[in-house]
Structure formats: structure tokens, C-alpha cells
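Here are my notes on the ligand site and the aromatic residues. Please read them with the structure open.

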Amino acid sequence: MVCEVIAPVLTPFAHGAPDLEVMRGHVTAILEQGADAVFVCGTTGLGPSLSFQERVAILRSISDVTNRIIVQIGGLNMDEVIGLVKECNERDIMGVASFAPYYYQRLPESHLLKYFQNILELSEHPVYIYNYPAGTGKDLDPNFVSKLSVAGIKDTSENLVHSLEYRRKMPSLKVYNGSDFLAAVSLLVLDGTVASAANFVPKLFFTMKRSASKGQTDSLLRAQFLIDEIVELGRKYGYLSSIYDITSYFMGYDVRGPRPPIFPLGRDEREQLLRQLVTLKEQSEEMSE
Ligand code: FW2
């Protein structure tokens with residue numbers, strides 16, 4: 001099985017707006033260094049807090065530099081969701097993905113199905129489901145997904161059994177796991193990983209893919225445990241914020257910062273974080289080919 005590393009790419013903000021030039025440069029770098037594709041406007045990309053116009057601008061801008069993109073088009077305004085599908089239809093991309101319409105609890109299953117059916121009817125690209133129960137409050141489980149003719153699922157869950165169940169019940173479905181902590185296992189037993197750490201250690205992911213294909217589980221696990229340490233450290237500062245500092249430090253260029261309500265780190269916090277990253281960066285360079 002050919003496994004893939006899909007990077008859920010962060011959205012760099014400067015002066016309150018996406019900095020598309022920086023984003024294009026970042027996407028180009030991570031694709032060159034080891035990611036197979038990018039997932040834009042997802043969780044790490046702060047998709048739920050981007051306006052419709054911003055998401056269209058990101059799609060247009062990034063699809064000018066690569067066609068290896070899956071665009072997260074989900075949201076709570078159906079006209080905008082449909083508008084994004086149509087925008088995507090105009091572009092050469094790999095696919096569209098959507099999380100479940102969130103916030104409104106107790107939506108009947110029939111409404112959730114209609115939401116995805118609308119997308120499926122209109123999209124000229126393969127459609128992926130982004131299952132993120134911790135974020136949306138809804139688990140689009142294998143039973144639900146089996147009622148839709150989607151191309152694949154990105155299951156953001158730390159429960160590997162849950163991800164494997166899609167594979168067991170729908171052998172031809174592409175199945176990715178979205179937890180950084182399960183990246184190595186996902187490369188071994190699923191179609192791949194959608195790991196936010198690919199923003200800052202894309203070369204390490206390239207090495208991990210090689211190790212997975214050769215069955216070198218020791219080196220795969222060493223890389224996984226290093227990623228775990230970095231993500232755990234980042235979480236202490238708020239991971240959606242600190243990933244900007246971690247990425248700038250590891251990649252050697254400035255990816256700007258997040259946009260409130262995801263607040264950037266303060267100066268002291270940033271300095272403290274960077275001090276703790278020094279040896280982790282050295283280790284990642286040693287492990288990357
Ligand atoms: C995204 C991802 C990875 C996430 C995960 C959430 O869109 O950012 O699901 O980082 O904690 O696919």
C-alpha cells in the first residue's frame with residue numbers, strides 16, 4: 001500500500017488577514033521536503049474562523065502553486081459551502097473535504113446525510129469526510145459513512161480501533177487518521193496520516209514513510225516519539241498558537257502568526273518555548289535523511 005503524508009497546513013496571518021504569499025511559500029516548502037499533499041482551511045488552518053472570501057482567496061492562491069490540495073469546505077452556511085464547492089470545481093485539485101456542521105447538537109442523521117449529499121451532488125472532485133468528534137460534537141462513524149459514496153475519510157481520533165473500523169467495513173475507502181500521535185501507525189496500516197507536525201518536520205515524515213515501507217518499526221517509532229514530545233510541548237502553550245512559532249523555528253522562515261481568538265504567544269512564552277525546542281530540532285535533523 002502506498003501511504004501518504006497530508007499536511008494540514010497552517011494559515012499565516014499578518015495584520016489580521018491571511019498572508020497568501022507566505023502561505024504559498026510554506027506549502028511549496030513542505031511539499032518539496034516530504035509531504036504528499038496539503039489540506040487547507042482545516043483545523044490547523046483555522047478554517048472555521050476564516051470568511052468565505054478568505055477561503056476562496058486561499059483556494060485560488062494555493063491551487064496556483066500545486067494541484068496536490070484537499071480543500072476543507074465545511075461550515076454552517078450552506079450557501080457558502082456550495083459556493084466553495086463550485087469554486088473548487090473551477091480548479092485542478094485532489095478533492096474537497098468537510099467536517100460535520102457543528103454547534104447545533106441533536107441534528108437528525110437525515111440532516112447530516114443531506115448536508116453531505118448536497119456536496120456530493122455538486123462536487124466534480126472526490127469528496128472526503130473530515131470526522132472530528134472532539135471539535136464538532138458529532139461522530140460520523142463507519143455506519144454513517146457507509147451511506148455516502150465518498151472517496152475517503154480523515155478520522156481525527158486517538159482511537160485507532162475507530163479508524164480501522166472504516167477500513168474493515170469499507171475496504172475500498174481511503175482512510176487517514178488525523179492525530180499526530182498516531183502518524184507512524186497510520187503510515188503502516190492506513191492510507192496515511194493528516195498530521196499537523198508535517199508543517200514543521202516534513203523531512204522527518206519523508207524518512208518515516210521510507211521506514212514504514214521497509215517495515216523499520218524502530219526508527220519509525222523513534223520519529224513518532226520525537227513528534228509526540230514536540231506536540232506535547234506545543235500544547236502547553238496552546239497548540240494552535242504555538243505551531244506558528246514551532247514551524248518558523250524548525251523551517252527557518254517566518255510563518256507569521258494566528259488570528260484571535262487564537263492568540264499569538266507572548267514574547268516570554270515564545271522565548272521559553274524556543275529554548276525547549278533546541279535539542280528537539282537537532283534530534284529531528286539527525287533523524288531526517
Ligand atoms: C487539521 C487536521 C489535523 C487535525 C488535528 C486536530 O485539519 O488540522 O485534525 O490537528 O487536533 O487534519
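1. Start with the backbone of Thr-43. One of its N or O atoms lies 2.9 Å from an oxygen atom of the ligand. Keep in mind that this is a predicted model.

2. For Thr-44, a side-chain N or O atom is 2.5 Å from a ligand oxygen. For Tyr-130, the corresponding distance from a side-chain N or O atom to an oxygen of the ligand is 2.7 Å.

3. Next, burial of the ligand. Taken alone, the ligand exposes 320 Å². The protein buries 88% of that area. As for location, the ligand sits in the largest pocket.

4. Which residues surround the ligand? The shell consists of Pro-8, Phe-39, Gly-42, Thr-43, Thr-44, Tyr-130, Tyr-132, Lys-154, Thr-156, Gly-178 and Val-194. By class, five of these residues are nonpolar, five are polar and one is charged. Thr-43, Thr-44 and Tyr-130, named above for their contacts, are among them.

5. Now the aromatic side. Phe-39, Phe-99, Tyr-102, Tyr-130 and Tyr-132 form one aromatic cluster. Phe-39, Tyr-130 and Tyr-132 also belong to the ligand shell.

6. The structure holds nine aromatic pairs. Take Tyr-115 and Phe-116 as one case. Their ring centres are 5.0 Å apart and their planes meet at 85 degrees, so this pair is edge-to-face. An edge-to-face pair needs planes over 60 degrees apart. Both Tyr-115 and Phe-116 are buried.

7. How are the rings of Tyr-130 and Tyr-132 arranged, stacked or edge-to-face? They are stacked, because their planes are at 5 degrees, with the centres 5.8 Å apart. The cut-off for stacking is under 30 degrees.

8. Tyr-132 has 24% relative accessibility, so Tyr-132 counts as partly exposed. The limit for buried is under 20%.

9. Tyr-130 ties these points together. Its side chain has an N or O atom 2.7 Å from a ligand oxygen. Its ring stacks with that of Tyr-132. Tyr-130 is also part of the aromatic cluster.

Definitions and conventions:
Residues numbered from 1 in each chain as written. Predicted model: local features only at pLDDT ≥ 70, side-chain atom pairs only at ≥ 80, totals over all residues. Heavy atoms only, no water. Near = heavy atom within 4 Å. Polar contact = N/O pair within 3.5 Å; in protein donor to acceptor, adjacent residues only side chain to side chain. Areas by Shrake-Rupley, 256 points an atom, 1.4 Å probe, with all protein chains shown as cover. 1 Å grid on protein atoms, 1.4 Å probe; cavity = no way out; pocket = protein on both sides within 12 Å on 5 of 7 lines; lining within 4 Å. Sits in = over half its atoms within 2 Å of the grid points. Nonpolar A, V, L, I, M, F, W, Y, C, P; charged D, E, K, R; others polar. Phe/Tyr/Trp six-rings, centres within 6.5 Å; stacked < 30°, edge-to-face > 60°. Buried < 20%, exposed > 50% of the residue type's maximum accessible area, 1.4 Å probe, protein only.
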